[in-house]
Amino acid sequence: RMFHDDELEESEKFYVGQPRVLLLIYALYNTLVARSEMVCYFVIILNHMISASMITLVLPILIFLWAMLSVPRPSKRFWMTAIVYTEVAIVIKYFFQFGFFPWNKHVDYTKDKPYHPPNIIGIEKKEGYVHYDLVQLLALFFHRSILKCHGLWDEDEKGDSSSNKEDTDDELSLTGGRRDSSASLKSVNLAASVESIHVHFPEQQTAIRRKSSSSISQLSHRSSFSSHRSKREILKNINHTTFSLNFLQCKLCVIKSHCGLCCFRTLQVYVPIRQFFYNLIHPDYSAVTDVYVLMFLADTVDFIIIVFGFWAFGKHSAAADITSSLSEDQVPEAFLVMVLIQFGTMVVDRALYLKKTVMGKVIFQVILVFGIHFWMFFILPGVTERKFSQNTVAQLWYFVKCVYFGLSAYQIRCGYPTRVLGNFLTKSYNYVNLFLFQGFRLVPFLTELRAVMDWVWTDTTLSLSSWICVEDIYAHIFILKCWRESEKRYPQPRGQKKKKVVKYGMGGMIIVLLICIVWFPLLFMSLIKSVAGITNKPLDVSITITLGGYQPIFTMSAQQNQLKTLDPNEYNEFLRSYRGNTAALQFLEGYAREDITRADLEGNSNSLWTISPPSRNKMIQGLLNFDADFTLVISWTIQRTLEEMYPYYIKAPSDSLAKPIKQLLRDCKWENITVSLVKNTSEEWWVLNQLEKRHKTPQESLELFIFSDKVSPPSLGFLAGYGIMGLYASVVLVIGKFVREFFSGISHSIMFEELPNVDRILKLCTDIFLVRETGELELEEDLYAKLIFLYRSPETMIKWTREK
């Protein structure tokens, strides 16, 4: 009770007694305060996603290449830069909102043009042009108030107070040197200048901030620095001194030159940037972390966005989904380019992670940040012909990529861990890790690609086949370890039969699954058209009649209003006419009223009969010959009847082959029609008329009923296109092969499956990974030989896997 305070205790009781909603608000506010810099980053990125202009592009790049790479936190200089830049951007946008500017006179015409200069710069006239900038400025001021409350706003000035005077003297000496070069060169103190230049770098302040993060670490560091300096620190100071001397020589040289002031200003920008990245790659202290899994997940999400929204990265945004394009054997160029780029960056990121090279990661981060921003905001709008702010899929992809940039910056700032091998799913031994790991291994080529990449970019003495052998053994042992741990958590007493819940739960599920696989094609093809089928009405019905091998005598088609759907009364009357016909009723059972279309074709041919005179005479001679193949004799004035040649009922299946429906024809005979030739002074054409029609019409005409089969939805067309036999051959038989291997290959794997305790084998595999990371390659060979001998010796395997 030495530090007991009644007021603090009463305050604690007061807050505990508050409503939960109020406590939740307090917790959210505390979270906001603790991560106020993340709020600023989010608002800046959101502002750039909405505006998508050159004005808002600067701060996101500074976030990923300056703020998030600063140790231990962004400096006051960055926050002041962000605040001042936001204020200037607001003033510039406000100034260009006046109507006297030429580009503001036709805003409605130019607002959607991606390459209109005011749209690219961000000075176009629009409603709410400054809303997000004001929110961004408010967030920056909120973060500044948080830093001031915790005494972190003036931390940089306190850490560099000792070097301010030297910097000032150095600047004054150089200024005086520009006035009188001969006098200043004589008065320059080389040692003092070197020291002042050495502490003048802003990024040296970063190193000081690292050392002054806590007073204890600062004192210990100073004492160790003064007593015994390590070889690495000595070499680093030598490099700094050499670099400082070179920089001093450059400063002395540029003073004599004509463009000395310009070069000096350039060096003032270049040198701090170079020193910043040098300190980043060679830190004094390194809080090692590993966020590769999160970066991989972010890239995977971007990959999924590309696959399902690839049309947003192409010219035509009204394209179908990827399955429809691939089913037509068409690979969109935008989809191919985006997939290859995304996959390539994932491979490069994996290589850098395995090599543990921070310098390569920094270079890759800089190239990727500039490349992605240039492509997304300058190239993509021209490809898609619309602004980035109007492309929702591209905005989502960019936001996830920004999460990846933040994780990459955090990885660079903290450094890579010593050991990077091993799958992140093998860190625990439970059902979740087990099923996720097995699902990971089921993805085609993913396990093989990962194994080969790990072998390429990891120092090892093993061959590729030996490496894959170790990976396979480790994966197999991990799976066994998960099963053994589950057996320990849920033990089964000896001599007790299995519970019905387990038997009917697991066994019943397997039975249902196998039955569904066997009967899946029949069930799928039946339901896909009866339940999810879409009515496929005809758009055009054409009739062409030809006598012998001569030119067609009759051609007619029906479209639009000539194609009619039966009303309920007509449909019921149609069904009653076949009440006693079992075959017809069975056929009609598969069709609904909307699947039947009645086509009314005009009896007069829509084309003139332009037959050549020799063919005409020959056809007349054939018609006059009753012993010929012609079943009808026609003259100029005589009308003959064509018996049993008109189908009347036609089935239009999903394919292109239409067939007559014999079940609906009376006595399986086709209908009778009449054909006559009409001739005027110089032209002639044929007229056809159907004798028996359901809808009596006075003029010559033909009537045709079309029964249209339902077709599968477009999203399932690629699967339904195989047909029943195709599904059996491609799905059922393939799955059956894997199931048969599972049930028939058990006896051959008993020696490697029934291992009671796999801890020692698992430890041997992890030891191989460990010595490989530490560079003990000879020991790696010995441990690998021990692992191979263990699998070659059944007796040794029994001894190693006994229960303790």
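**Entry 1: helix 3 against helix 8**

I started with a helix pair and noted that helix 3 and helix 8 cross with left-handed geometry. I'm working from a predicted model here. Helix 3 covers residues 36-51 and helix 8 covers residues 131-149; I get axes that come within 9 Å and cross at roughly 165°. Angles over 145 degrees count as roughly antiparallel, so I put the two helices down as roughly antiparallel to each other.

Next I looked up who makes the contact. From helix 3 I noted, among others, Cys 40, Val 43, Ile 44 and Ile 50. On the helix 8 side I found residues including Val 135, Ala 139, Leu 140, Phe 142 and Ile 146. Sorted by class, the contact came out as eleven nonpolar, four polar and two charged residues.

**Entry 2: Cys 765**

Then I moved on to another cysteine. Cys 765 sits in helix 33, which spans residues 759-773. Its relative accessible area is 0%, so I wrote it down as buried.

What does Cys 765 touch, leaving out residues up to four places away in sequence? I found Ile 473, Tyr 474 and Leu 787.

How many disulfides does a search of the whole structure find? I got zero. For Cys 765, the closest cysteine sulfur is in Cys 469, at 9.4 Å, which is too far for a bond. My cut-off for a disulfide was sulfur atoms within 2.5 Å.

Technical notes. Residues are numbered from 1 along each chain as its sequence is written. This is a predicted model: local features need pLDDT of at least 70, side-chain atom pairs count only at pLDDT 80 or more; totals for chains, interfaces and linings use all residues. Side-chain values use heavy atoms; hydrogens and water are left out. Helices (H or I, at least four residues) and strands (E, at least two) are DSSP runs, numbered from the N terminus. Buried means under 20% relative accessible area, exposed over 50%, partly exposed in between (1.4 Å probe, protein chains only). Contact means heavy atoms within 4.5 Å. Axes are lines fitted to C-alpha atoms, for helices over the stretch in contact, and angles run from 0 to 180 degrees between N-to-C directions. Angles under 35 degrees count as roughly parallel, over 145 as roughly antiparallel, 65 to 115 as roughly perpendicular and the rest as oblique. A crossing is left-handed if the near helix is turned anticlockwise from the far one by less than a right angle, and right-handed if clockwise. Ala, Val, Leu, Ile, Met, Phe, Trp, Tyr, Cys and Pro count as nonpolar, Asp, Glu, Lys and Arg as charged, and the others, Gly among them, as polar.
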